[in-house]
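This report describes selected features of one structure. It treats a loop residue, a nonpolar core and a pair of helices in turn.

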Amino acid sequence: MPQKPLLHYATAVPLSQVETTLKQLRQTLTEPDTQAEAKSLSQQVYNWLIKPAATELAQTKVRTLVFVLDGSLRNIPMAALYDGKQYLIEKYSIALTPGLQLVNPKPLQEKQLKAIAAGLTESRPGFSALPNVKREIEEIRSFVPSSILLNKQFTSSALQNQINSLPFRVVHLATHGQFSSKAEETFIVAWDDRIYVKQLNNLVRTRDTARPEAIELLVLSACETATGDNRAALGIAGVAVRAGARSTIASLWNLNDESASELMSKFYQELGNKALTKAEALRRAQLALLQNPKYQRPRYWAPYILLGNWL
């Protein structure tokens, strides 16, 4: 806690029980008719991780929780942990980081926001159409000045040219993709081809993250992490690092196209509020879905994660 010595607590649970519980929780969070079971399992994990510190957190009026996760916990959205009455996202903004070191963290709103928004609405070989992406990108442009690359315009070379042309603070990619701990299985889909994580070294110019024009936020909408890969979040981190981004928003599982569009619209609306951090803007967007009867199940609002600088 601020101005206090480090606090430490441990919960002794057999590894087999942890792994079984987390596997069941991940499965029930993504299925349509298992909300009661998901809440029960979420509460179990909450009791392990958060409950020992809950009183201290409440007393200090902490607003943001930052997690450094390991193993199967990387596949669980901390937003969906449940205390018996509320989800964790209802009380705190939440972020993930690979370690407790940030590179020159700055609030996103120090300068005017500008975004590149690229996406696919039409199907590509092996990937279905994403009809709501056009609306998603148009709504982003209504809240943040944006350069748009849609369908045939969204090629690897066009994206490179856009990123290199101006110091865009936000890069939003609404397309299929997969993130794995294996570089050869980590990619996003452009109109002309898949862009693998290693190609991003050539696609995006190398940026010094201490320079003011570094990408502050990379948003990967409609992508998902590789099923069963406990280190897939590191694949997301790898994409962010190669893009020179200080923080990334991505999802832990395949998203409903319509709900994703709703959430992203709300996120960019909140991001325009200079008083809010990126973590709080994402929290408010998730709560908007949670409070909508159509999308209140965790499968719709829970999978979004903010990795890196949460300011």
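## A buried loop residue

A residue is called buried under 20% relative accessible area, exposed over 50% and partly exposed in between (1.4 Å probe, protein chains only). Threonine 34 has 14% relative accessibility and therefore counts as buried. Threonine 34 is located in the loop that lies between helix 1 (15-30) and helix 2 (35-49); helices here are DSSP runs of H or I with at least four residues, numbered from the N terminus. The side chain of threonine 34 reaches the backbone oxygen of threonine 28 at 2.6 Å.

## Basis of the model

The model is predicted: local features need pLDDT of at least 70, side-chain atom pairs count only at pLDDT 80 or more, and totals for chains, interfaces and linings use all residues. Residues are numbered from 1 along each chain as its sequence is written, and side-chain values use heavy atoms, with hydrogens and water left out.

## Nonpolar cores

A nonpolar core is a set of buried Ala, Val, Leu, Ile, Met, Phe, Trp, Tyr and Cys residues joined through side-chain atoms within 4.5 Å. The largest one has 94 residues, of which Leu220 and Phe267 touch the most other members. Helix 9 (residues 278-290) contributes the most to this core, with seven residues.

## Helix 4 and helix 8

The axes (lines fitted to C-alpha atoms over the stretch in contact, with angles from 0 to 180 degrees between N-to-C directions) of helix 4 (residues 133-143) and helix 8 (residues 257-271) come within 9 Å and cross at roughly 5°. The two helices are therefore roughly parallel to each other, a term for angles under 35 degrees.

Note on methods
Angles under 35 degrees count as roughly parallel, over 145 as roughly antiparallel, 65 to 115 as roughly perpendicular and the rest as oblique. A polar contact is a pair of N or O atoms within 3.5 Å; within protein, one must be able to donate a hydrogen and the other to accept it, and residues adjacent in sequence count only if both atoms are side-chain atoms.
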